[in-house]
Amino acid sequence: WRLKSPSGRRTTGQWTLQGPMEVEATAVPAGPLLGRGSIPQTGPALLWDHGVWKGLAPLEWQDLEGQGRGRWLLPSGWRRELDGRFIVDRGPVVWEATDPGMVKHLQAERLWLTLGFREGHLEQVTAQLEDGRIWAAGADLDAKAIRWSAPLRFERNDGWHGSSGGGFAPRPEKGQPLEQVELKSFRAARLVQGGTDDLQAEGARWSPAGLRLEGNVRWEQPLDGERLTLRAPRVLIREGAGGDLPAALPLGEAWAEGHPVLSWGARSLSSPRMEARKAERTWRIQAPVTGRGEQGTFTAGAGHGSPRRWEFEGPVKANVFNGGTLRGGKLVWEAETWTFTGNPATWSRLRERLSGPRILRREGAITFPEGITGALVSLDGDFMLRADRAEYRKDEIQLSGRVECQGRGWRLQADRISVRLAPGNIVKQVGARGSVALRGRMGEGWGESLELDLDPAASKARWQGRVRGVADIQPAGKP
C-alpha cells in the first residue's frame with residue numbers, strides 16, 4: 001500500500017494516520033495500480049496495528065483490476081488483514097459497478113474479500129441487477145463463480161418475483177461482464193390481467209434476455225376464474241434483448257419444449273413444442289397434437305388459438321368416450337363443441353358410417369348442419385340415408401330437408417325422417433313426416449306420416465293422415 005496523510009502518530013507497535021488521506025495498492029512496489037481509495041473526512045482515519053490496517057473512518061475504494069472492478073464504500077471498523085483480505089463485521093458495505101454487466105450494485109452487512117473481488121464471503125446481501133434485484137442470506141465468491149445461499153428472494157423488472165433455494169453465477173473471463181444467474185428450486189409469480197401467473201421449476205437461468213426454466217416446469221395462468229396450467233421439461237421466456245435465448249424467440253413470447261402439456265379443467269393438449277404469445281394469451285401448437293376434453297380424445301396436426309377457441313389442421317381423428325370415431329381435415333374446438341370439416345368429415349362406429357362437409361359434436365349430440373350421407377345396418381340388411389341436415393342424439397337420428405332413406409328393396413323420401421336404433425346400433429324403426437313417398441317391397445304410397453317397422457319377421461308400414469297408395473291384393477282363398 002502507498003498512503004498519503006497530512007499527519008500520523010506512532011505508539012508502540014501502532015501507527016494512527018489522520019485524514020483526509022489517499023490510499024493506493026499495487027502487487028509489487030513499482031507495479032501497476034490495482035486500486036485506489038480515499039478517506040475524505042478529517043481526524044483519525046487509519047490505524048496500523050502490527051501489520052493489520054483498521055479503518056477509523058469510512059473508506060471510498062475503487063478496484064481497478066480483477067472481476068470486481070468498481071467503487072466500494074467501506075464503513076468505519078473495516079480492516080485489512082496480513083493476508084490482504086478486507087473484512088467488515090458490521091455494515092453496510094456498498095459496491096457499485098463501473099463496467100457494463102448484469103450486476104450493478106451490491107450491499108452486504110458483513111464480508112471478507114480479497115483485493116480485486118477475487119474471493120470472498122458476504123452475508124445478508126442485496127444485489128441490484130440490470131433487470132432486477134436479489135436478496136440472499138449470503139454469497140461466496142471464487143475465481144469461477146458467485147454462489148448465493150438460501151433463503152433467497154428476487155424481483156425482476158418484468159414483474160416476476162419469488163424465491164429460490166440458492167443460486168449460482170458463473171464469473172466471466174477478465175474484462176467480460178457477468179451475464180446470468182442460475183437459481184435452483186425456483187418459485188415466482190407476477191400480477192397479470194385477471195389474476196397472477198405462477199412459475200415453478202427445478203432450476204432457472206436469469207439473464208437480461210429473460211428466463212430459461214429447466215426441470216418439471218409448471219406455469220399457471222388465470223383463465224375465467226380457473227387456472228390454465230403448462231407443464232414441460234423446459235420453458236424459455238424472452239423479456240429483453242440478449243444472446244442467452246435463441247435468436248428466433250421473439251420478444252414477449254415463450255417456448256415450451258420437450259413435449260409439454262397444457263391443461264385447463266378436464267381439458268388438455270400436448271405436442272412436441274408449444275409457443276405462447278403472452279400479451280395476447282394465445283398459443284401455437286406444433287404437430288402432432290394430442291387433445292383431451294369431456295367428450296373424448298383426439299390427434300391432429302398443428303394448431304393455434306386459446307382455450308376459448310382452438311383451430312387444428314388435419315388429419316384429425318377423435319375417439320369419443322362412449323364409442324365412435326370422428327375424422328376430418330380440420331378441427332375447431334370452442335368450449336364444449338368440436339367442429340370437424342373435411343371433404344368429407346366422417347363419423348363411424350360399429351355398424352355406422354356417416355359423413356358430411358361439417359360435423360359438430362357437443363354434449364353427446366352429433367350435428368350435420370350442411371348435409372349428411374351414410375350407411376347403417378337394419379334388421380334386414382344395409383340402410384342408406386341422405387339429407388340436407390341431421391342431428392344424432394342417443395339412439396335416434398333426426399333427418400330434415402330433402403331426406404331419402406333406402407333399405408333392402410325399398411326407398412323412402414320425406415321432409416323429415418326419424419331413424420330409431422336398437423341396441424348394437426341396428427335400425428329398428430323409421431318415422432317419416434311431411435310429403436312422404438314410399439316405393440318398393442314395403443308398398444307404394446304417398447302421405448303425410450309413415451311409420452316403418454323393419455323386423456324381417458313382422459315388417460309393417462303404418463300410414464297416418466291423408467294417404468294414397470298402390471298395393472297387391474289377392475282374392476280370398478287364392479294361394
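Predicted model: local features only at pLDDT ≥ 70, side-chain atom pairs only at ≥ 80, totals over all residues.
**Entry: aromatic pairs**

I began with the rings, since a pair of aromatic rings is described by the distance of the centres and the angle of the planes. My count came to 14 aromatic pairs. I looked up Trp61 and Phe86 and found their ring centres 6.0 Å apart, with the planes at 50°.

Then I turned to Trp338 and Phe340. Their ring centres are 6.3 Å apart and the planes stand at 75°, so I logged this pair as edge-to-face. Trp338 has a relative accessible area of 1%, which makes it buried. For Phe340 I got 0%, so that one goes down as buried as well. Both residues belong to one aromatic cluster, along with Trp264, Phe298, Trp310, Phe312 and Trp333.

**Entry: charges over rings**

Which residue puts its charged end over the ring of Trp135? I found Arg153 there, 4.6 Å from the ring centre. I also spotted Arg273 over the face of Trp255, at 4.2 Å from the centre of the ring.

**Entry: nonpolar cores**

I keep in mind that in soluble globular proteins, nonpolar side chains tend to be buried together. How many residues does the largest nonpolar core have here? I read off 113. The residues with the most contacts inside this core are Ile134, Trp148, Phe383, Leu399, Leu412 and Ile417. Strand E38 (residues 410–422) gives the core its largest share, six residues.

I picked Ile417 and checked what it touches, setting aside neighbours within four places in sequence. Its contacts include Ile397, Leu399, Val403, Cys405 and Leu412, and also Val430, Gly431 and Ala432.

I looked at the second largest pocket and got a volume of about 280 Å³. I listed 17 lining residues, and those closest to the pocket centre are Gln193, Pro222, Leu223, Arg281 and Arg308. Which elements give two or more residues to this lining? They are strand E19 (210–223) and strand E25 (282–285). The largest share, three residues, comes from E19.

I found a cis peptide bond between Ala150 and Pro151, with omega at about 0°. Pro151 is placed in strand E15 (residues 145–156). The bond from Ala287 to Pro288 is cis as well, omega being near -5°. Pro288 is in the loop between E25 and strand E26 (289–292).

I also checked phi. Asn216 is not a glycine, yet its phi is positive, about 50°. This residue lies in strand E19, and I counted Asn216 as exposed because its relative accessibility is 57%. Asp224, not a glycine either, has a positive phi of about 50°. I found Asp224 in the loop between E19 and strand E20 (226–238). At 59% relative accessibility, Asp224 is exposed.

How values were computed. Residues numbered from 1 in each chain as written. Heavy atoms only, no water. Phe/Tyr/Trp six-rings, centres within 6.5 Å; stacked < 30°, edge-to-face > 60°. Buried < 20%, exposed > 50% of the residue type's maximum accessible area, 1.4 Å probe, protein only. Lys NZ or Arg CZ within 6 Å of the ring centre and 35° of its normal. Core = buried A, V, L, I, M, F, W, Y, C linked by side-chain atoms within 4.5 Å. Helix = DSSP H or I, 4+ residues; strand = E, 2+ residues; numbered from the N terminus. Contact = heavy atoms within 4.5 Å. 1 Å grid on protein atoms, 1.4 Å probe; cavity = no way out; pocket = protein on both sides within 12 Å on 5 of 7 lines; lining within 4 Å. Points joined across faces, edges and corners; volume = space filled by probe spheres on them.
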